[in-house]
Amino acid sequence: MKYILFNEWKGLFRNQLFLYLSLFFILALSVVTWLGIVQNQKQKEAQEQAKKHIRAQWDAMEPTNPHGAAHYGSYAFKPNTVLNSMDEGINAVTGNVLRLEGHTQNDLVYSEASQSLLISKFGKLKPSLLFQFIIPLFIIFLAFNTYTKERESGRIKLLLIQGLNLKKILFSKIFSIWLIGITLLFFATFIQIIFSSIIYDTNTLLRLLALVSSYAIYYLIITTLTVLLSFVFKSSTSSLTLTIAIWVMWSIFLPKIVGNAVENISPLPTRIEFQKAMNEDRSKGIDGHNPTGEREKKMEKETLAKYKVDSLSQLPINFDGLVMQADEEYGNMVWDKHFGKLYAQLEAQKKNYQRSGIVNPFSSLQNMSMATAGTDMFHHLEFLKQAESYRRIFIKTLNDKHAYGGSKTGNWGWKADNKFFKSVEDFKYNTPSLHSLWSKYFTDILILLIWVLVLLALVNYLSKRISIL
Amino acid sequence: MKALNICLYEFKHFYRNKPKVLAYFLFVLACFYALYSGKNLQKKQQETIVSIELKQQEAKTKILSWFDKGEKGPEDRPWIDVTIPFWAIWYTPTYAIKQPTALLPLGIGQTEQYGYYKQVTNWSSTYDNDMVEELSNPERLLNGNIDFSFLLIFLLPMLLIILTYDIYGLEQDLNFDKLVHVQTGSTQKWIMARLNFYTMLLLFTVVLFIVTTAVMNDAFEGHFSQIISLILLSTVYIIFWAVTFYFIITKSKGSSAQAFLMISVWLLLCVLIPGGVHQLASIKYPANYMTEYLDVNRKEAYAIFKLSPDTLAIRLKTIYPDLTKTKHGQDSIADEGIINNTMSAIINQMNKVAIDKIELQNEMKNKFIVSSYWYNPVSFTQNKWNSLLATDYNAYKVYRDNVQKAIDKKIQLLVFECWDKKKVNKDTYENYSRILR
């Protein structure tokens, strides 16, 4: 088998077109990977600048009423992971800026896609674009006639007469071409590590390894399928036509069709419906600014009893701060209900999309690529959840200061000093570790592996069944 | 052999070739699906707009009933008084809406990246949170929709490859290419005639879909020039691909090489060049975090709130010089109530300055994209198509301008009515509703 494999490589390297194309790919991958790093770096710098700018304003805040500061609010910027330079995933279509303020949970705004004319329907020229669209096509062109060529020239008979095993010939052809794809993958990874200005932590290295492994598995699928079709079909043209048709269906048609279908299966509300439902639920709680309802009266009674006083003015604390926090906590329940339902719908859509990998392994690859790069929907939702958790702590800190910082009920003119505002920590996003996400991507991994096993088993089976002599 | 005979011969070849017929019918089916899905989006938008208009009408009726009953506002909010301009205008429901074009099913373009309705208040701006796109699955947005423009711009060249990759290539594979020359006299003319058949077939299919959609959406009356432009654009685009493939066919050896080259050109023009331009544009103009706009709505707005009424009055008079002609325009001491009610005009002015800068940065990025058109024909066609359907960035820029006009109108009315301390009755309120419709 080793001999056949080397022989295949020799044959390929004797082909000038192959050499030129390989050189082109190596150059293209180098440039594209480097550009990806540059673009990511520039975006990170812009984000860092914006972050510092916003924080500096907060730190420079003059003595202010804590509730005024809750309205003043803060901003969270969606961070770019290191591997965003390889696969940008959904980052260009989602917003970048999230306003964190009292009384409301906001949505991300200002997506890059909304800031200019449409350029590319397939995204930026990043390594993922080459990995997902171009290299598989290159593999197809290397593999589509790898067997038919042997049969048409009669060489296959010669090889079999010499005592070689058909199964071994087919597997050698598969692995020789697959290794070319792997080489290109490792080359891009090497460039990524070399040109990145940061030292990779274990999580990023693991992610990179998982990303490369996913592509390696997908390339094995593509190579095996192409060689299999080349083996089954009598002419190179027929096998090429069918393989290209499959490539078009997998990479271009099905992701869009399935994407639309899953959205129809679990439809999302319109923004106006979503807002209306939240407003309705919200209106049933305490209005922090206009606390006249039953809930507020009950709360007042309880607080007076707790502090053993008869009136709000006798309280050693500021009751307004407590009301604001109660309002906030009611609001949090409303957000949890509605945003929770929305996120659950999105996750249901994602699960259905993942299942489409059964007919389209490209979806599983796409999912894995974005997941390992930290640029898919799960990471997006994770960012939103972390930002919302921070907002709740942030607003509670301000409300607590309002309530227990030394002011009395009704004293809206009371101000917390700058030292206090400076002590409020900034939002920090923690990229989830890869192993914490395995359960979410199990379907994709399993499907990719099943595809490989089924195709290899088919090659094995057909190599014994189909007579070529 | 005459060109017509070759075309007829090609027709026979086509209908006898099941994979080609299947590919063509799959494309036609995909077109139906795309138009259906575009129509659905159009319908959904129209339904949402109708529900907004209904909501607007209901809100207006409710306020009018307050006037009829002699009430000043909702029972649980005693501080509201709709007989003063501030609250009357606050309670005049104002929406800015971008109606979907009648030709939307032919391509949704960037529609899903933007909002298409906005409630306008005294504190609104064109970069508010509610100006963003509808709730949608971001991964679905990333993959995009199978809309008609996608099929025309990206899939149609692919179909043309499937239909034409073996023209002359097959003859070369079977070694009777020289026979073609002997029988036809000119191989080039023979290739061209065969290619013409498929070009005409696709052209006819696309034009038929455009015209049918226009007829079904009753679009000929209002969008005649756009329809003609769409037909011309698609014709030029299809011919561009046919010419490119013609050169590939004449220069290649064998159907496999032809298919390989055709796919490579497709990848280059549809994926690599647009992707490269996209990447360069992002390096040159990274995504904007809108800090200038954020500053206006946070730091600078808070600084404004701290200014004295007299200073704010001067700033308001700078924005609206005619304020001096109002009832309180000549007051030596500014009325704090009036100033508090109208200071949103100052924030609006500051927002406009910050937004102009953002729009300018976006414009620079767009100029960069437009400058790539001479080597990036696919993006050119795509944006031209979207522009004809009013679904591109520029169409939404126009919408944002309209939103800004609505905000300006509302604020101007608010400022002058407040400075004149007008008394609002049912007729005045109805007049406000008419102005702010």
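Predicted model: local features only at pLDDT ≥ 70, side-chain atom pairs only at ≥ 80, totals over all residues.
Residues are numbered from 1 along each chain as its sequence is written, and chains are lettered from A and ligands numbered from 1 in the order in which they are written.

Chain A holds an open sheet of three strands in the order 1-2-3, with antiparallel pairing; strands here are DSSP runs of E of at least two residues, and helices are runs of H or I of at least four, numbered from the N terminus, and two strands pair if DSSP finds at least two bridges between them. Strand 1 (74-77) and strand 3 (104-105) of chain A are the edge strands, each pairing on one side only. Strand 1 of chain A is joined to strand 2 of chain A by four bridges, and in this pairing A:Phe77 has A:Val97 as its bridge partner. Strand 2 (residues 97-101) of chain A also pairs with strand 3 of chain A over two bridges, where A:Thr104 is the bridge partner of A:Glu101. Helix 14 (residues 377-404) of chain A packs on the sheet and touches strand 1, strand 2 and strand 3 of chain A, its direction making about 25 degrees with that of strand 2 of chain A; the axes are lines fitted to C-alpha atoms, for helices over the stretch in contact, with angles from 0 to 180 degrees between N-to-C directions.

In a regular strand the side chains alternate between the two faces of the sheet. In strand 1 of chain A, A:Ser74 and A:Ala76 on one side and A:Tyr75 and A:Phe77 on the other are all buried, that is, with 20 or more other C-beta atoms, placed from the backbone, within 10 Å of their own.

The largest nonpolar core has 203 residues, and B:Leu159 and B:Leu160 have the most contacts inside it; such a core is a set of buried Ala, Val, Leu, Ile, Met, Phe, Trp, Tyr and Cys residues joined through C-beta atoms within 7 Å. Because domain 1 (3-37 + 147-273) and domain 2 (69-142 + 286-435) of chain B both give residues to this core, it lies between them, the domain bounds coming from an automatic or database assignment.

Between the chains, 65 residues of chain B are in contact with 74 residues of chain A, contact meaning that C-beta atoms, placed from the backbone, lie within 7 Å. Helix 10 of chain B gives the most to the side of chain B that touches chain A, with 17 residues.

Technical notes:
Contact = placed C-beta atoms within 7 Å. Buried ≥ 20, exposed ≤ 12 C-beta atoms within 10 Å, placed from the backbone.
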